[in-house]
Amino acid sequence: MKLSQFKFQLPEKSIAQYPSEERDMCRLMVVHRRSGEIEHRVFKDVLGYFNEGDVMVFNDTKVFPARLNGNKEKTGARIEVFLLRELNADNKLWDVLVEPARKIRIGNKLYFGEDESMVAEVIDNTTSRGRTLRFLYDAPHEEFKNALFKLGMTPLPEYIERDPEPDDAERYQTIYASKEGAVVAPAAGMHFSRELLKRLEIKGVKQAFITVHSGLGNFRDIDVEDLTKHRMDSEQMDASPELVETVNAAKDSEHKVCAVGTSVLRGIASAVSMGGHMKVYSGWTNKFIFPPYEFSVTDALISNFHLPYSTMLMMVAAFGGYDLIMHAYEVAIKEGYRFGAYGDAMLIVD
C-alpha cells in the first residue's frame, strides 16, 4: 500500500471541535464486512450487536495534562512545552517537545506558572524538536507531579483549533481511565457512558482491559510513499494475565472479541500467540498495521473517523478492508458524520 491511497477530501467543518453533549449519543455507522452493508445508528445501539459471552477490550490508559506554557530565562520568550513521558522520577527528568525549538539550548532555564515557581533546565537535545528537561523542584515525587499537572492543559490534537476548556479535562478521557501515561486519548472509548457499560454487563458482555499509552506518533506525518518503510514510535503497553485469560476463553467458546479503538487493536496484535490466542506481554510496541493484514484474535472494531493519511485510518482499513472502509468514509462525509477524537464512531462487524 502507498501513502497516497489514504488521501481523501475532508471538509474542515467535518472535524469535530467539541464532543457530543452525551457520551453515548453520538452517531454510529455500522459496517458489515461480509455483505458491505452500512447502517446508521446512535452509539448506544452498539449494545444490539453483541451477545452474552462476547468480550469488549478497552484501553484503560489515562491522559495527563501534557501541554505547558512557559517562559525562557532572561528574554522571557514564550515557550510551549509538551510533556511526552517521565524518564526518571528520582531526578525529575522528562522527555518533552518544545516550540519554538530553535530558541532553546542546553543549559537554558524555563519558568512555568504565574509565580514562576516551577523551573526546568534543558539538559539534552535529543531530536530537532525534542529535549530532556530536569525540573528543579525540591519536593517529594507525588507533590512535584501534582504541582506540575496543575500547570498543565489537556493535550487536545492540533486539528481541534481552540484552547482547552475546563470540560476537556473530563471529556478528553474515558470514564474508566486509570493508568496514567497517554498524551493521546483512546477516542473510541470516550463514547461509553456508565449506563451503557452497565447495560453491557447486564447483557453478559464481558469487559477486559489492556493498557496502551498512546503517544504523539499517532499524529506524526508519514514522510514516505512506501508504507513498508515507515517506522512507528514505540508505545508502552501491558497485556495482563486477566485480559489474556478472558480473551482466550472467548476465542475457545467462539464468542466475539471487540477491540474498542485502534490502540487496542494494535495492542492485541502485538500480543498474539499461536492458534488465534493472546499471550501475556508487558513492554513496548512499535507495530505498524496497514492493509493487507490478517487479524487472528479481534472479530469486531469500534473506532472514530480518522483524518487523511493517518496511521489510525490505515489500521481501520486493514481491519475492515481497504475498499469498503474508503467507501464508508465517502458515505460518512456525505452524511455529515463528525471526524476526529471528538467525532462520531464506526463499528465494524462481520
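**Helices, burial and backbone**

Modeller: In this predicted model, the axes of helix α6 (residues 311-320) and helix α7 (residues 322-334) come within 6 Å and cross at roughly 120 degrees.

Colleague: How many residues of the contact of α6 with α7 are charged?

Modeller: On the α6 side the contact is made by Leu 313, Val 316, Ala 317 and Gly 320. On the α7 side it is made by Tyr 322, Leu 324, Ile 325, Met 326 and Tyr 329. These divide into 8 nonpolar and 1 polar, and the number charged is none.

Colleague: Is Lys 251 buried or exposed?

Modeller: Lys 251 lies in helix α4 (residues 241-252). Beyond its neighbours up to four places away in sequence, Lys 251 touches Val 257, Gly 276, Ser 296, Val 297 and Asp 299. Its relative accessibility is 18%, and the cut-off is under 20%, so Lys 251 counts as buried.

Colleague: How far apart in space are Leu 3 and Asp 223, C-alpha to C-alpha?

Modeller: Leu 3 lies in the segment before β1 (27-32), and it is buried, with a relative accessible area of 12%. Its contacts outside four places in sequence include Ile 222 and Val 224. Leu 3 and Asp 223 are 220 residues apart in sequence, yet C-alpha to C-alpha the distance is 8.6 Å.

Colleague: Where is the residue Pro 292, which a cis peptide bond joins to Pro 291?

Modeller: Most peptide bonds are trans. Omega between Pro 291 and Pro 292 is about -10 degrees, and the bond is cis. Pro 292 is placed in the loop between β15 (281-285) and β16 (300-304).

Colleague: Is Lys 74 buried or exposed?

Modeller: Lys 74 is in the loop between β5 (67-72) and β6 (78-88). Its phi is positive, near 70 degrees. With a relative accessible area of 84%, and a cut-off of over 50%, Lys 74 is exposed.

Colleague: What is the relative accessible area of Tyr 309?

Modeller: Tyr 309 lies in the loop between β16 and α6, and has a positive phi of about 70 degrees although it is not a glycine. Tyr 309 is partly exposed, and its relative accessible area is 35%.

Note on methods: Residues numbered from 1 in each chain as written. Predicted model: local features only at pLDDT ≥ 70, side-chain atom pairs only at ≥ 80, totals over all residues. Heavy atoms only, no water. Helix = DSSP H or I, 4+ residues; strand = E, 2+ residues; numbered from the N terminus. Buried < 20%, exposed > 50% of the residue type's maximum accessible area, 1.4 Å probe, protein only. Contact = heavy atoms within 4.5 Å. Axes fitted to C-alpha atoms, helices over the stretch in contact; angles between N-to-C directions. Nonpolar A, V, L, I, M, F, W, Y, C, P; charged D, E, K, R; others polar.
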